[in-house]
Amino acid sequence: MRVLSIQSHVAYGHVGNSAAVFPLQRLGHEVWPVLTVNFSNHTGYGAWRGPLIAAEDVAAVITGIGERGAFETCDAILSGYQGSPEIADVIADAVAQVKAANPDATYTCDPVMGNATSGCFVNPAIPPKYRSTVIPVADVLTPNQFELGFITDRDGLSGPSSLEDILSAVDEVRGLGPATVLVTSVDREGADDDVIEMLAVTADGAWLVTTPRLPMKANGSGDITAALFTAHLRTTGSPADALARTASSVFAVLKETLDSGERELRLIAAQDAIASPANEFAVQQVR
């Protein structure tokens, strides 16, 4: 598989493309990373250096890739942290160009906006552009539960929610365009306090996977999740299998990170679990 990945980059640590590229490569896929920012480190540190990449420069890099004839062989487009609202138009144009060259290509949008702990941490002009410009052209959408609520104007999803309410919000988002929605960091009413869940939904059903909740905050975990789910969905064709493999690998990365005492994801140390997921967590069909 060949992936055009349009998202942030950091030199130190693992978020954005710095979290997505190596796992995809470890699974045997070719990746063409395009940077929306080039920061020293992720913004969770409160201080960072480096530039936002201007939308016209991001577009120029994508154009150059297209001029090599690469779009005909591109299987998937992946986008994450955008940096500025203008990037949404660049991404939508890239999706159109790739799909014109290869109609079988899919586009995964990770609508990076915030989380239940931090709230919305991006430029306020970015979320409306997701809804108007990017989400309608996505095949796969990978919001966390907070972002799902933000997209659908459902404040209740910022805390524990019923499975029915979460599924209702997913159905609303699927009505905007994406055929497949993966909801991460699911906080479901009735679930044990020491677990966390992910939910994958398509027209054929909905599947839930439950893993232990680790006592940590890990920047970049959503980025690796979106990348792995995209890869496994493309290669297996099964949302349930993709969910199981993704959950297994992400949990292994997080456990390795927690055990190490490090703040940044331990992708290299956990690479075997990325390449060969243990699939130790059962997937339950809930619809």
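Of the 287 residues in the protein chain, 51% count as buried, where buried means under 20% relative accessible area, exposed means over 50%, and partly exposed covers what lies in between (1.4 Å probe, protein chains only). Please keep in mind that this is a predicted model, in which local features need pLDDT of at least 70 and side-chain atom pairs count only at pLDDT 80 or more, while totals for chains, interfaces and linings use all residues. Residues are numbered from 1 along each chain as its sequence is written, and side-chain values use heavy atoms, with hydrogens and water left out.

Let us start with the overall form. The C-alpha atoms of the protein chain fill a box of roughly 50 × 40 × 35 Å, taken along the principal axes. The secondary structure comes to 9 helices and 11 strands, which are DSSP runs numbered from the N terminus (helices are H or I with at least four residues, strands are E with at least two).

Now step into strand S1, residues 2-10, where you will find Ser5. With a relative accessible area of 0%, Ser5 is buried. Beyond the residues within four places in sequence, Ser5 is in contact with Asn17, Val31, Trp32, Pro33, Val34 and Leu78. With Asn17 there is also a side chain to side chain polar contact at 2.5 Å. Such a contact is a pair of N or O atoms within 3.5 Å; within protein, one must be able to donate a hydrogen and the other to accept it, and residues adjacent in sequence count only if both atoms are side-chain atoms.

From here, turn to the helices. Helix H1 (residues 17-26) packs with helix H7 (residues 221-236) at an angle of about 35°, their axes 8 Å apart. Axes here are lines fitted to C-alpha atoms, for helices over the stretch in contact, and angles run from 0 to 180 degrees between N-to-C directions. Ala19, Ala20, Pro23 and Leu24 of H1 meet Asp223, Ile224, Ala227, Leu228 and Ala231 of H7. By class, this contact has 8 nonpolar, no polar and 1 charged residues. For these classes, Ala, Val, Leu, Ile, Met, Phe, Trp, Tyr, Cys and Pro count as nonpolar, Asp, Glu, Lys and Arg as charged, and the others, Gly among them, as polar.

H7 has another partner in helix H8 (residues 239-260): their axes come within 8 Å and cross at roughly 145°. Residues of H7 in this contact include Ile224, Leu228, Phe229 and His232, and those of H8 include Leu243, Arg245, Val250 and Leu254. The contact of H7 with H8 has 10 nonpolar, 6 polar and 2 charged residues.

Another stop is Thr142, in the loop between strand S7 (140-141) and helix H5 (145-152). Thr142 is buried, at a relative accessible area of 4%. Its side chain makes a polar contact with the side chain of Asp110 at 3.3 Å. Not counting residues up to four places away in sequence, Thr142 touches Thr108, Cys109, Asp110, Pro111, Leu182 and Ala226.

Two residues deserve a look for their backbone. Most residues other than glycine have a negative phi. Asp153, although not a glycine, has a positive phi of about 60°. Asp153 lies in the loop between H5 and helix H6 (163-174) and is exposed, with a relative accessible area of 67%. Ser185 also has a positive phi, of about 50°, and is not a glycine. Ser185 lies in strand S8, residues 180-186, and is partly exposed at 43% relative accessible area.

The tour ends in strand S11 (residues 283-285), where Gln284 is found. Gln284 is partly exposed, with a relative accessible area of 48%. Apart from residues up to four places away in sequence, Gln284 touches Ala206, Trp207 and Leu208. Gln284 and Val34 are 250 residues apart in sequence and 36 Å apart in space, C-alpha to C-alpha.

Methods
Contact = heavy atoms within 4.5 Å.
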